Amino acid sequence: MSGFGFASTAEEVTEGLDLQRRTYVVTGVNSGLGLETARVLALRGGHVVGLARTLDKAADALRELGIEGTPIACELEDLASVRRAVEAVRGLPALDAIVANAGIMALPTLQQLHGIERQLYTNHVGHHVLVTGLLDRLADAGRVVMLSSGAHFYAREHGLELDNLSGAERPYDPWRMYGRSKLANILFARAVAKRLGAGKVSNAVHPGVIQTNLARHIPNAETMFESMRARMKTVGQGAATQCLAAVHPSVARTTGAYFSDCAVAEALPVAYDDALAEELWERTEAIAASA
Ligand SMILES: NC(=O)c1ccc[n+]([C@@H]2O[C@H](COP(=O)([O-])OP(=O)(O)OC[C@H]3O[C@@H](n4cnc5c(N)ncnc54)[C@H](OP(=O)(O)O)[C@@H]3O)[C@@H](O)[C@H]2O)c1
């Protein structure tokens, strides 16, 4: 479809594109794939609205990159902070894409926020509130890009576990719960796709396996990365799929899909369960309303 693949970099997938006068929201702008995505979108002329837990982190990231951008605080674990970010972004020009990139992975023990397992809350609930608050600010051909992961396959056995939002109803497993949150990201991308007007698209992406700060909670991270080295990507390659989904003309009409290695890929069958996606949407709205 796009002609790009595993080894393509974010610079390569955006080469020749003129993103001047375009505006891009990137969450988790201060680290890893978010930082690289911001760098490359700005390199092509785009205006980056960089979101991080604090204004200082967002501003520092843009300063480090040497780009003009708009820094905004957005702590995804605090929905009041997310709603303030929504209001700030709503005051900006229409959005050409929202790249919901921030995330946490494999918390070693069960942690909860407002009674909800923390990975689900941060990776999914926080982004649900942010993105739904901005859908009517998408430009005519605006795009939503949800960072999912191949780790959503860890949810294969138990699925989305809507009966276990607390994470306490079954024995806790860091990877299963991370995988569940990343499955939620795909289902959310599909639910958004159904709500968008013609010309706008919403997709989920797996960036690959990249050594970033995401592994901070894994005790033996270095050993784990050593064993996977041959299958790993650089940060530049890791940011390629989300940049492609956010800006490349070849996928401007692709919606409700799951991307990997810069192409549409097959996710778990349960990721295409639109009734489940709607149920997740309703449950998430209720969680957000009570927080
Ligand atoms: N790296 C991989 O191999 C890989 C594989 C599959 C999927 N992904 C996905 O790719 C995305 C980016 O990951 P990465 O590898 O770039 O990881 P990273 O370097 O750890 O960056 C994650 C970003 O998310 C931010 N974040 C975490 N919790 C937050 C919160 N509560 N509120 C606001 N921001 C928060 C972090 O901010 P702080 O620095 O302030 O904590 C950081 O900016 C994630 O969604 C991840 O699940 C990554």
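**Note on the predicted model**

1. In this predicted model, Cys243 touches Ala10, Val13, Thr14, Thr37, Val40 and Leu41, when residues up to four places away in sequence are left out of the count.

2. In soluble globular proteins, nonpolar side chains tend to be buried together.

3. The length of α6 can be checked by simple reasoning: its 22 residues, at 1.5 Å a residue, should span 32 Å, and because the C-alpha atoms at its ends are 32 Å apart, the expectation and the model agree.

4. Around the ligand there are 28 residues, and the closest are Gly28, Gly32, Ala102, Gly103 and Thr212. By class, this shell holds 12 nonpolar, 12 polar and 4 charged residues, while helix α2, residues 32-43, gives the most to it, with 3 residues.

5. Two backbone angles deserve a second look, given that most residues other than glycine have a negative phi. Glu161, in the loop between β7 (138-147) and α6, has a positive phi of about 55°, and Glu161 counts as buried because it has 20 C-beta neighbours inside 10 Å.

6. Asp261, in the loop between β9 (258-260) and β10 (263-265), likewise has a positive phi, near 50°. Asp261 is buried, because 20 other C-beta atoms lie within 10 Å, and 20 is the cut-off for that class.

How values were computed. Residues are numbered from 1 along each chain as its sequence is written. This is a predicted model: local features need pLDDT of at least 70, side-chain atom pairs count only at pLDDT 80 or more; totals for chains, interfaces and linings use all residues. A residue is near a molecule or strand if its C-beta atom, placed from the backbone, lies within 6 Å of it. Helices (H or I, at least four residues) and strands (E, at least two) are DSSP runs, numbered from the N terminus. Ala, Val, Leu, Ile, Met, Phe, Trp, Tyr, Cys and Pro count as nonpolar, Asp, Glu, Lys and Arg as charged, and the others, Gly among them, as polar. Two residues are in contact if their C-beta atoms, placed from the backbone, lie within 7 Å. The expected span of a helix is 1.5 Å times one less than its number of residues. A residue is buried if 20 or more other C-beta atoms lie within 10 Å of its own, exposed if 12 or fewer, and partly exposed in between; C-beta atoms are placed from the backbone.
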